[in-house]
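Student: I have a new structure to read. Can you walk me through the features one at a time?

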Amino acid sequence: MTPILEITNLHASIDGTEILKGINLTIQPGEVHAVMGPNGSGKSTLASVLAGREEYTVTEGTVVFHGHDLLDMSPEDRAREGLFLAFQYPVEIPGVSTANFLKSAVNAQRAHRGLSPLEPAEFLALMKERMALVEMNPAFLQRSLNEGFSGGEKKRNEIFQMAMLEPTLAILDETDSGLDIDALRIVANGVNAQRTPHNGMIVITHYQRLLNYIVPDVVHVLWNGRIVRTGGKDLALTLEERGYDWIKTESSVEA
Amino acid sequence: MSEVPDSQHVLDDVVQREYQYGFSSDIEQELLEKGLSEDTVRFISAKKQEPEWMLEWRLEAFRTWQRMKEPTWPNVTYPVIDFQDIIYWAAPKKKEGPASLDEVDPELLATFEKLGIPLDEQKMLTGVAVDAVLDSVSVKTTFQEALKKVGVIFCPMSEAIQEHPDLVRRYLGSVVPVGDNFYAALNSAVFSDGSFVYIPKGVRCPMELSTYFRINARNTGQFERTLIIADEGSYVSYLEGCTAPQRDENQLHAAVVELVAHQDAEIKYSTVQNWYPGDAEGKGGIYNFVTKRGICEGARSKISWTQVETGSAVTWKYPSCVLKGDHSIGEFYSVAVTNHYQQADTGTKMIHIGKNTRSRIVSKGISAGRSQNSYRGLVRMNATATNGWNYSQCDSLLIGDQCGAHTFPYLETANSTATVEHEATTSKIGEDMLFYCNQRGIDTEAAVALIVNGYARDVINQLPMEFAVEAQKLLAISLEGSVG
Amino acid sequence: MSVSAFTERIRSLAQHHDTAASEDAYAALRRHGFSAFERLSIPTPRHEEWKYTNVTSIFDGTLVIGATDAAQRPATSGAEITRALGADVIVLHVQNGRLQQDEHSVIEGVDLYDLRAGATTDDLQFLASIAKVDDHPFVALNTAVHDSTVVIHLHRNVHLERPIHVVCSADTTTSTQLHAPRVLVVAESGSSALIVESHHTVGEHAAVCVPVTEVVVQAGAHLQHVKIVADEGQGKHVGYTAATVARDATYASHVACLAGAFTRNDLVVQLIEPSASAILNGVSVLHGSEMADNHTVVDHRAPHCRSEELYKGVYDDRSVGVFNGKIFVQPHAQKTEAYQSSHALLLSDRARMNAKPQLEIWADDVKCSHGATTGQLNEEAVFYMQARGIDRAAAKALMTYAFAAEVVERFPHEGLRSLLEQHIAQKLEVSR
């Protein structure tokens with residue numbers, strides 16, 4: 001089976017400071033990988049590099065996405081090829097409605113795949129169906145994208161967009177941050193509904209709490225730009241119990 | 001390594017875009033020699049077979065103009081204009097004034113067809129009557145008969161002077177006096193045509209009225225004059241559009257527009273200004289020095305200006321409202337895009353005189369390339385403007401770090417019950433915004449168009465439906481470029 | 001009497017100085033002032049910067065220029081501020097433009113002295129380097145006619161705990177006066193201080209004060225500068241303050257116009273190095289036919305700088321307020337954050353407010369905003385108080401007081417705040 005994503009010895013830096021210091025990670029279809037780690041360990045950098053943020057420079061290593069060189073693609077081509085990033089801080093775009101924004105996104109993806117744009121009625125029906133996954137009110141479609149949305153609404157909107165774009169690889173960057181327990185449950189349900197044997201997910205989080213709802217197949221612990229431990233879902237529980245200091249001590253001993 | 005198209009690249013490419021109305025037409029024309037004197041004014045008046053009072057009015061304007069100085073306060077720079085090096089009269093040879101379609105030069109019809117303004121009523125957008133002005137004269141006004149049935153007068157100004165002298169004498173220069181400013185005086189002396197609209201009492205004009213201005217001849221100035229009168233309880237929506245051929249030399253456009261709204265009347269005036277802006281090096285383009293003013297004469301009257309400004313090398317324009325009637329309302333909605341070396345100094349004046357008068361200003365400036373974009377606005381609450389209310393929102397969007405955005409609001413209050421509120425912000429199209437769009441599969445060029453249209457939405461929404469779509473396209477084109 | 005008569009007097013004064021010409025740097029500066037003033041002259045309202053404030057009426061040929069030898073009485077309003085600043089305040093009396101102290105004193109690492117013709121200190125280099133003689137008519141006028149410069153020089157890393165009070169006053173008992181106090185503040189790197197400048201007149205004749213204050217805030221220094229115009233006498237005020245702020249330094253200006261027939265303040269703050277910041281607070285509470293015009297400029301000339309400005313005014317009777325606030329963001333001053341707001345309350349139908357907040361931006365990656373309002377008190381809040389048994393007039397007065405006090409709360413020094421609040425309360429006739 002061809003992996004969805006294969007990261008080999010990935011090094012990346014920003015303004016000359018190396019943040020990622022040799023990441024290796026392979027995701028097979030159907031797998032959900034959790035990446036955990038303390039603040040500043042490089043979790044969000046990994047997400048940013050995979051999505052193609054230009055302020056990061058990849059200095060070493062390869063990333064293969066569905067057999068193609070991911071690092072060679074523009075951010076929009078990565079998206080069109082099926083990579084989706086749920087932002088930790090979704091951006092507000094004044095005056096651009098959520099519906100109009102999604103129409104541009106979905107049709108750009110369809111054009112990339114040689115498909116014609118969706119008919120307006122068809123598109124509206126699809127949006128309403130997918131919004132239900134995250135219990136979003138259709139009134140949000142006409143509001144400016146993320147503008148005046150609460151923290152929870154923004155995160156739900158991210159998962160709604162994911163449902164519209166049907167990615168083969170979704171990266172959820174601290175999607176749980178700032179959510180209360182009800183919102184967390186709704187978001188997690190929305191994500192779980194999109195798990196299939198064909199797609200993969202990377203769930204980046206600081207806390208184990210989210211992983212009670214989105215149960216991972218593999219848990220990685222990132223510290224100081226490297227994956228210092230990999231295990232099953234129980235690793236998250238151990239981390240929760242013993243705290244990140246445990247990892248830091250152990251890793252520095254190993255190092 | 002990843003090859004990420006950066007926004008700067010896209011914005012640099014903006015410079016490459018082409019002006020799509022830059023063609024010129026080969027129409028046989030009658031041209032007056034360059035230069036301006038009393039004789040020029042007499043020639044124009046004679047050509048129009050104007051009555052004596054009109055000639056006198058023009059001559060007074062000319063003499064006033066001779067005593068005036070060109071204004072230097074706007075935040076724009078351009079070479080000294082030689083007013084003797086301009087042609088003040090250019091007209092298609094075949095026919096003067098309006099004609100039945102059969103009599104119109106086919107080349108001329110083709111010109112307007114190419115501009116997307118078919119003059120054949122069969123082909124036109126339903127519900128829009130058009131007055132087409134080429135250089136100095138009106139060539140065709142459509143749907144005149146249909147409008148006449150409800151008493152609406154929509155005709156070239158030259159025709160109005162002949163046919164409706166009482167109305168013209170009463171209102172011409174009543175809102176923008178002859179000596180109002182340098183360019184208004186010049187226009188009053190040499191204006192050649194323009195549109196005249198009169199909506200009788202209680203009539204809601206059954207269709208959108210529209211004037212399309214086209215400069216074609218070389219070295220000519222365009223000086224049109226528009227006068228719209230909405231009598232008690234009437235309503236009219238009026239739209240003007242403008243384009244010019246791509247030429248290396250600068251051409252002068254100095255128009256005057258006067259609006260009069262009587263009691264309970266409403267005038268909605270929309271402009272999509274797309275004069276040739278000059279090339280990427282700042283060569284050529286139209287100098288657009290325009291005086292537009294409306295008076296809300298009667299109680300509960302309303303005047304609303306909406307403008308989408310994308311063209312012209314230099315723009316100097318402040319569509320204004322004098323709110324004289326109690327409870328009258330003035331509005332100004334503007335999107336001004338400047339690119340390359342364009343300069344725009346535009347805004348509005350809201351003069352509150354009557355009680356309970358209200359005004360709203362929404363101005364969205366977008367600067368790109370090496371352009372300079374200024375908002376200049378005056379809100380004045382006179383001592384008589386009890387409970388006057390104004391709200392202004394002036395936003396600037398900068399694209400690239402070679403351009404400038406300037407905001408000059410003047411807020412003068414002489415009444416303790418009046419409220420004036422002004423807010424302004426400056427922002428850029430953030431990298432984070434573009435990246436967010438990219439991550440959803442939208443390329444940078446499309447993202448810029450999406451974001452700019454979102455930014456201008458409050459203004460675009462004010463335009464009549466058919467033109468809103470046009471305006472959106474125009475904004476996208478103005479800032480378009482391909483990702484290299 | 002007219003502007004031309006005034007200008008003629010200045011001209012003859014210049015000729016007088018010319019005959020007494022010396023090669024001294026100070027004399028050269030004064031000559032420069034004369035020639036610049038000759039060129040710039042007294043501006044008329046046709047000049048954009050003087051559109052709302054007609055200064056031509058206050059400068060006439062009857063003004064006596066230069067210090068008199070008459071015995072000078074101190075202003076009681078000045079003494080009141082001194083008291084409010086506490087027992088350890090350092091007081092500098094500047095009367096008719098001249099520091100009433102001959103010796104050069106050094107207090108806790110701060111040099112305090114009068115810089116006069118013939119002086120050869122290093123501080124000469126700063127003189128007229130911040131306030132540009134050729135650009136502004138009243139900087140030119142001050143430079144031409146001023147007697148000497150009060151220097152406050154804070155040495156490196158000096159944190160002066162004691163406030164400094166510069167009391168500028170004129171006694172017009174015997175004649176009219178044009179007086180031109182000049183202050184130079186140099187805050188070396190890492191230093192900090194609070195300087196309070198106040199302006200007063202006593203006497204029956206008219207006085208026009210054209211002060212210039214130059215402030216150099218070097219890297220990492222923090223300077224609090226309060227300016228109070230509380231002229232109950234015949235004084236009219238056309239002042240100019242300019243500051244440059246270097247890397248990581250902060251300049252905080254606090255301006256209070258609480259009385260005065262005619263007050264014009266120009267304040268120009270230049271942020272010249274990265275991460276410099278400026279705070280500008282201003283409050284005006286006027287009645288009768290008082291007038292206050294505040295012109296501020298914040299010039300962002302370097303990246304990563306920040307400025308925050310809040311001006312408020314309350315105008316009763318026939319008083320007039322003017323606010324002109326400019327923010328410039330020069331090319332390359334990326335990551336600038338600049339915020340400005342100005343708010344005015346008109347309490348009478350004959351009061352007027354003219355505001356011109358102005359943004360000029362040549363850099364794209366910036367956060368800038370300004371807001372300006374003129375209006376009334378929140379009716380809902382007034383009604384709420386009425387519903388709690390407070391009568392309408394008292395409710396409005398209380399809210400007006402709170403409106404103005406919001407700015408005073410941002411001023412430094414508790415004693416000073418309390419004094420200003422008391423003044424405002426008195427003027428608005430509210431019991432606190």
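Student: In S4(C), which residue is the bridge partner of Ser105(C)?

Tutor: Strands of a sheet pair through backbone hydrogen bonds, either parallel or antiparallel. Two strands count as paired if DSSP finds at least two bridges between them. Strands here are DSSP runs of E, at least two residues long; helices are runs of H or I, at least four; both are numbered from the N terminus. In this predicted model, Ser105(C) has Leu112(C) as its bridge partner in S4(C). Strand S3 (residues 105-107) of chain C joins S4(C) by 3 bridges, and the two run antiparallel. S3(C) and S4(C) make a hairpin with 2 residues between them. In that turn, Glu108(C) has a positive phi of about 50 degrees.

Student: How many bridges join S4(C) to strand S5 (residues 149-154) of chain C?

Tutor: There are 6 bridges, and the strands run antiparallel. One such pair sets Leu115(C) against Thr149(C) in S5(C).

Student: How many residues of strand S4 (residues 110-115) of chain C are buried?

Tutor: Buried means under 20% relative accessible area, exposed over 50%, and partly exposed in between, with a 1.4 Å probe and protein chains only. In S4(C), 6 of the 6 residues are buried, so the strand is largely enclosed by the rest of the structure. Val110(C), Leu112(C) and Asp114(C) point one way. Asp111(C), Tyr113(C) and Leu115(C) point the other way, and all are buried.

Student: What about chain C as a whole?

Tutor: Chain C has 7 helices and 22 strands. Of its 432 residues, 61% count as buried. Its C-alpha trace spans about 75 × 50 × 45 Å along the principal axes. The radius of gyration is taken over C-alpha atoms, and the globule rule is 2.2 Å times the number of residues to the power 0.38. For 432 residues, a compact globule would come near 22 Å; chain C has 21 Å, which agrees. Accessible areas come from the Shrake-Rupley method with a 1.4 Å probe; for residues, only the protein chains shown count as cover. Chain C exposes about 16,200 Å², with 49% of it from carbon and sulfur atoms.

Student: Which pair of chains shares the most contacts?

Tutor: A contact means heavy atoms within 4.5 Å. Of the 2 pairs of chains in contact, chains B and C share the most. No contact joins chain A and chain C; their closest C-alpha atoms lie 16 Å apart.

Student: How much area do chain B and chain A bury between them?

Tutor: The size of an interface is often given as the accessible area lost when the parts come together. Here buried area is what two parts lose on being put together, with a 1.4 Å probe, summed over both. Chain B and chain A bury about 2,600 Å², 63% of it on carbon and sulfur atoms. Phe435(B), Tyr436(B) and Arg440(B) supply 29% of the area that chain B buries against chain A, more than any other three residues. The contact takes 24 residues from chain B and 38 residues from chain A.

Student: Where in chain B does pLDDT stay under 50?

Tutor: pLDDT is the predictor's confidence in each residue, from 0 to 100. Chain B averages 84, and 86% of the residues score at least 70. Residues 1-16 of chain B stay under 50, and the model has 43 contacts for them beyond four places in sequence. Residues 95-99 of chain B are also below 50. Chain A averages a pLDDT of 92, and 98% of the residues score at least 70.

Student: Which strands pair with S21(B), and in what sense?

Tutor: Strand S19 (residues 358-367) of chain B pairs with S21(B) in the parallel sense over 10 bridges. There, Ile366(B) has Leu397(B) as its bridge partner. Strand S23 (residues 419-428) of chain B also runs parallel to S21(B), joined by 10 bridges. Ser396(B) stands opposite Thr426(B) in S23(B). In strand S21 (residues 389-398) of chain B, 9 of the 10 residues are buried, so the strand is largely enclosed by the rest of the structure.

Student: In what order do the 4 strands of the open sheet in chain A lie?

Tutor: The order is S2-S1-S4-S5 (chain A), with antiparallel pairing. Strand S2 (17-27) and strand S5 (68-69) of chain A are the edge strands; each pairs on one side only.

Student: What conventions lie behind the numbers?

Tutor: Residues are numbered from 1 along each chain as its sequence is written, and chains are lettered from A and ligands numbered from 1 in the order in which they are written. Local features need pLDDT of at least 70, side-chain atom pairs count only at pLDDT 80 or more, and totals for chains, interfaces and linings use all residues, while side-chain values use heavy atoms, leaving out hydrogens and water.
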